[in-house]
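Reader: I would like to learn how to read the main features of a fold with some care. Could we go through them one at a time, with the general idea before the particular case?

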Amino acid sequence: MPATPTNPLHPRIAALPKAELHLHLEGSIRPATVVELAARYGDSLTLDQAGARYCYSDFRGFLEAFKWVTSYLRQPEDFELIVDRHADELISQNVVYAEFTVSIGVMLYYKSDPLKNFAAMLRASERALRKGLRLQWIFDAAWQFGPAAAVEVVRLAIEARGAGAVAFGMGGDELMFPYASFREAYELAASAGLRLTAHAGEVGDARKIRDAIELLGAERIGHGLAVMHDLALQDLLAERGIALEICPTSNICTGALASQLGRPSARIEEHPARSFLQRGVPVVLSTDDPAMFHTDLSAEYALAPRLGLTDEQVLAIIAAGFSRSFLATSEKESWLQQLRDRTRDAGDFRSPAA
Ligand SMILES: [Zn+2]
């Protein structure tokens, strides 16, 4: 079930420009958009019927829902529509920069044409830019499809690099293959100038995170929850400035936090994000699959009191969204300066309820 914030997001935190760095395009499709997509293929769905598919109580149910939603992504125009829809949502939350992770590996698996789909996404991206939201793209391969499939995704990312594909990343079933098998894919990506991310330590152990950094050269880690068991690894992340992309609601909904804690269930209050920050690990806050987890970026920030975060830590997370992004240095600096200008008096951010 989604984690309901106890306090609304402080209006001044809400008003600050933000970046969203861990966001799967295919996980951003709200029920209303599924109704629209289904209509394109002759399926008449009501909003209630679509919404009912988003109710599940375990990871298997989530995967079933995800598969059903993505079964309506058949033409480039469908991808254009979902970028348009989610871009508007991001803009309404004062997100000014987002890196969309796109499941190119899944497109290849279904014999869809990733570059045609990408061209359609770029049309939506241009519209978003005119409304104040800059988008870049992470081409994503799935661990479970193996090393050769990952190399294919990298090749496409290299082709799309000039158009806005800024990074290569991997996600999915992190336990299927040793990460060393993916060295070729990551080395190829690095040699072409792509930035590198990897999901690691979501359900796997801390060794996966270390491998993602040492063997694959990951510059950011998706989730990285398992680092809670390895203080030396936390120090390594802090030393190298490697950010963890923390997605609290996702970690509850998928059972990842419970599994890392070795328990059947876990609460938001038990999330270790605060302890990572205290140890100097850079943390960014993200939604992962906002529609599937019934959340959005504002809702994740509104969880701050339940995560035990101070206002200063929240501001540090907002700043990290820019400083750890794959933007050019000059763009990062310009956003960071805007944040500094607007947050000189951090005391103003204290919630009246705190
Ligand atoms: Zn993810």
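Author: Let us begin with pairing, since a sheet is built from it: two strands pair if DSSP finds at least two bridges between them. Please keep in mind throughout that this is a predicted model.

Reader: In what order do the eight strands form the open sheet, and is the pairing parallel or antiparallel?

Author: The order is E1-E2-E3-E4-E5-E6-E7-E8, and the pairing is parallel. The edge strands are E1, which covers residues 18-24, and E8, each of which pairs on one side only. Between neighbouring strands of this sheet the average turn is 25°, with direction ignored.

Reader: Which helix packs on the sheet, and which strands are touched?

Author: Helix H17 packs on the sheet, where it touches E1, E7 (243-246) and E8, and the direction of H17 makes about 95° with that of E8.

Reader: How many bridges join E1 to E2, and which residue in E2 stands opposite leucine 23?

Author: Five bridges join E1 to E2, and the two strands run parallel; leucine 23 stands opposite phenylalanine 100 in E2. On the next pairing, E2 and strand E3 (residues 134-142) are held in the parallel sense over six bridges, with valine 102 opposite phenylalanine 139 in E3. Further along the sheet, strand E5 (residues 195-200) and strand E6 (residues 220-223) run parallel and are joined by four bridges, and here alanine 198 stands opposite isoleucine 221 in E6.

Reader: How many of the eight residues of E2 are buried?

Author: Burial is judged by counting, and a residue is called buried if 20 or more other C-beta atoms lie within 10 Å of its own. Strand E2, residues 95-102, is mostly covered, with seven of its eight residues buried.

Reader: How should I describe a pair of packed helices?

Author: Two packed helices are described by the angle between their axes and by the distance between those axes. For helix H17 (residues 311-323) and helix H18 (residues 329-342), the angle is about 165° and the axes are 9 Å apart.

Reader: Are H17 and H18 roughly parallel or roughly antiparallel?

Author: Angles over 145 degrees count as roughly antiparallel, and H17 and H18 are therefore roughly antiparallel to each other. H17 passes H18 in a right-handed crossing. The residues that meet are Ile318, Ala319, Phe322 and Ser323 in H17 and Lys332, Trp335, Leu336 and Leu339 in H18. By class, this contact has six nonpolar residues, one polar and one charged.

Reader: At what angle do the axes of H5 and H7 cross, and which residues of H5 make the contact?

Author: The axes of helix H5 (residues 76-92) and H7 come within 8 Å and cross at roughly 30°. Angles under 35 degrees count as roughly parallel, so H5 and H7 are roughly parallel to each other, and H5 passes H7 in a right-handed crossing. On the side of H5 the contact is made by Pro76, Glu77, Phe79, Glu80, Val83, Asp84 and Ala87, while the residues of H7 that take part include Lys116, Ala120, Arg123 and Ala124. The contact of H5 with H7 has, by class, nine nonpolar, two polar and six charged residues.

Reader: What is the class make-up of the contact of H8 with H9?

Author: The axes of helix H8 (residues 146-159) and helix H9 (residues 183-191) come within 8 Å and cross at roughly 10°, and the two helices are therefore roughly parallel to each other. Pro147, Ala150, Val151, Val154 and Ala157 of H8 make the contact with Glu184, Ala185, Leu188 and Ala189 of H9. By class there are eight nonpolar, no polar and one charged residues in the contact of H8 with H9.

Reader: What should I look for in the backbone torsions?

Author: Most residues other than glycine have a negative phi. Lysine 111 has a phi near 60°, a positive value in a residue other than glycine, and lies in the loop between helix H6 (104-109) and helix H7 (114-130). Histidine 294 also has a positive phi, near 55°, and lies in the loop between strand E8 (283-285) and helix H15 (297-302).

Reader: Is lysine 111 buried or exposed?

Author: A residue counts as exposed if 12 or fewer other C-beta atoms lie within 10 Å, and lysine 111, with 6, is exposed. Histidine 294 has 18 C-beta neighbours inside 10 Å and counts as partly exposed.

Terms used: Residues are numbered from 1 along each chain as its sequence is written. This is a predicted model: local features need pLDDT of at least 70, side-chain atom pairs count only at pLDDT 80 or more; totals for chains, interfaces and linings use all residues. Axes are lines fitted to C-alpha atoms, for helices over the stretch in contact, and angles run from 0 to 180 degrees between N-to-C directions. Angles under 35 degrees count as roughly parallel, over 145 as roughly antiparallel, 65 to 115 as roughly perpendicular and the rest as oblique. A crossing is left-handed if the near helix is turned anticlockwise from the far one by less than a right angle, and right-handed if clockwise. Two residues are in contact if their C-beta atoms, placed from the backbone, lie within 7 Å. Ala, Val, Leu, Ile, Met, Phe, Trp, Tyr, Cys and Pro count as nonpolar, Asp, Glu, Lys and Arg as charged, and the others, Gly among them, as polar.
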